Amino acid sequence: MLVFYGGTFDPVHNGHLAIARGAAQELQVPVRLMPAADPPHRALPGANAEQRARMLELAAADEANLVVDRRELRRAAQRPGVPSWTTDTLREIRAEVGLSRSVALLMGADSLLGLNTWHEWEHLLDLAHIVVAERPGSALDGALPPPLAAHLQGAWVTSVTALSGAAGRVLRLRQPLHTESATAVRELIARGGNWQALVPSEVADYIQVHGLYGCHVSP
């Protein structure tokens with residue numbers, strides 16, 4: 001099985017790493033961390049794509065089960081101005097590994113709840129499984145948006161072994177409680193709060209050296 005965890009990772013923080021580690025342990029395969037390209041028609045996120053990818057590489061350097069996959073950044077460089085849709089990424093992966101290999105997309109519960117707003121979202125399960133990292137008592141315990149609930153009906157599974165096929169299943173993966181969010185980390189940095197413990201130490205050093213997110217660089 002190949003597992004991909006995409007996102008802006010702006011910046012990568014301990015909550016992201018907990019999700020990736022938990023999935024790698026539960027699924028018994030490495031997790032590929034896949035930073036998103038810079039959006040072509042919107043303001044940049046707090047750090048540019050190269051900086052976000054570099055912070056991911058620093059965070060994953062000593063993690064045997066975490067690998068950084070820069071494919072979305074490479075594709076954006078080859079097709080300037082073209083949005084990097086997840087379905088395009090999955091089609092690219094399928095072209096590489098074939099149609100029979102198990103491929104899974106790892107995401108948080110909030111991402112799943114907004115899945116029906118994604119580009120070509122109805123085709124995601126044709127291309128991959130979805131593994132949802134959630135906390136007990138998360139919104140997944142309530143009602144899903146009707147279009148999403150109807151689309152996922154019959155796709156839910158409770159066992160990792162059910163992901164042996166190529167695509168089409170959704171597995172809920174319970175995670176330990178983590179309260180970090182990239183937005184909260186950026187806000188703490190901007191106002192000079194205590195943020196360093198929320199990210200790996202190497203990432204904290206990188207943010208400080210490069211003055212990201214409004215971090216004041218010491219002379």
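Contact in these legends means heavy atoms within 4.5 Å. The views show a predicted model, in which local features need pLDDT of at least 70 and side-chain atom pairs count only at pLDDT 80 or more, while totals for chains, interfaces and linings use all residues. Residues are numbered from 1 along each chain as its sequence is written, and side-chain values use heavy atoms, with hydrogens and water left out.

View A. E134 belongs to strand β5, residues 129–134; strands (E, at least two residues) and helices (H or I, at least four) are DSSP runs numbered from the N terminus. With a relative accessible area of 2%, E134 is buried, a class that means under 20% relative accessible area, against over 50% for exposed and partly exposed in between (1.4 Å probe, protein chains only). Neighbours within four places in sequence aside, E134 is in contact with A109, L140, R172, L173, R174 and Q175. A109 is 25 residues from E134 along the chain, and their C-alpha atoms are separated by 5.3 Å.

**View B. Crossing of helices α3 and α4.** The axes of α3 (residues 71–78) and α4 (residues 86–97) come within 11 Å and cross at roughly 105°. Axes here are lines fitted to C-alpha atoms, for helices over the stretch in contact, and angles run from 0 to 180 degrees between N-to-C directions. The two helices, α3 and α4, are therefore roughly perpendicular to each other; that class covers 65 to 115 degrees, with angles under 35 counted as roughly parallel, over 145 as roughly antiparallel and the rest as oblique. R71, E72 and R75 of α3 meet D88, T89, E92, I93 and E96 of α4. These contact residues divide into one nonpolar, one polar and six charged, where Ala, Val, Leu, Ile, Met, Phe, Trp, Tyr, Cys and Pro count as nonpolar, Asp, Glu, Lys and Arg as charged, and the others, Gly among them, as polar.

**View C. Buried face of α3 and residue E72.** The buried residues of α3 are R71, E72, L73 and R75, and they pack against β1, β2, α2 (49–60) and α4. E72 has a relative accessible area of 6%. Apart from neighbours within four places in sequence, the contacts of E72 are M34, P35, A36, A37, S84 and T89. The C-alpha atoms of E72 and P147, 75 residues apart along the chain, are separated by 28 Å.

View D. Y5 and F9 form an edge-to-face aromatic pair, 5.3 Å centre to centre with 85° between the planes. Rings of Phe, Tyr and Trp (its six-membered ring) pair if their centres lie within 6.5 Å, and planes under 30 degrees apart count as stacked, over 60 as edge-to-face and the rest as tilted. Y5 is buried at 6% relative accessible area, and F9 is buried at 3%. The charged end of R32 sits over the ring of F4, 5.9 Å from its centre; this requires NZ of Lys or CZ of Arg within 6 Å of the ring centre and within 35 degrees of the ring normal.

View E. Most residues other than glycine have a negative phi, and most peptide bonds are trans. The peptide bond from D10 to P11 is cis, with omega near 0°, and P11 lies in the loop between β1 (2–7) and α1 (14–27). Q28, in the loop between α1 and β2 (31–35), has a positive phi near 60° and is exposed at 65% relative accessibility. E120 has a positive phi near 50°; this residue is in the loop between α5 (109–113) and α6 (124–127) and is partly exposed at 29%.
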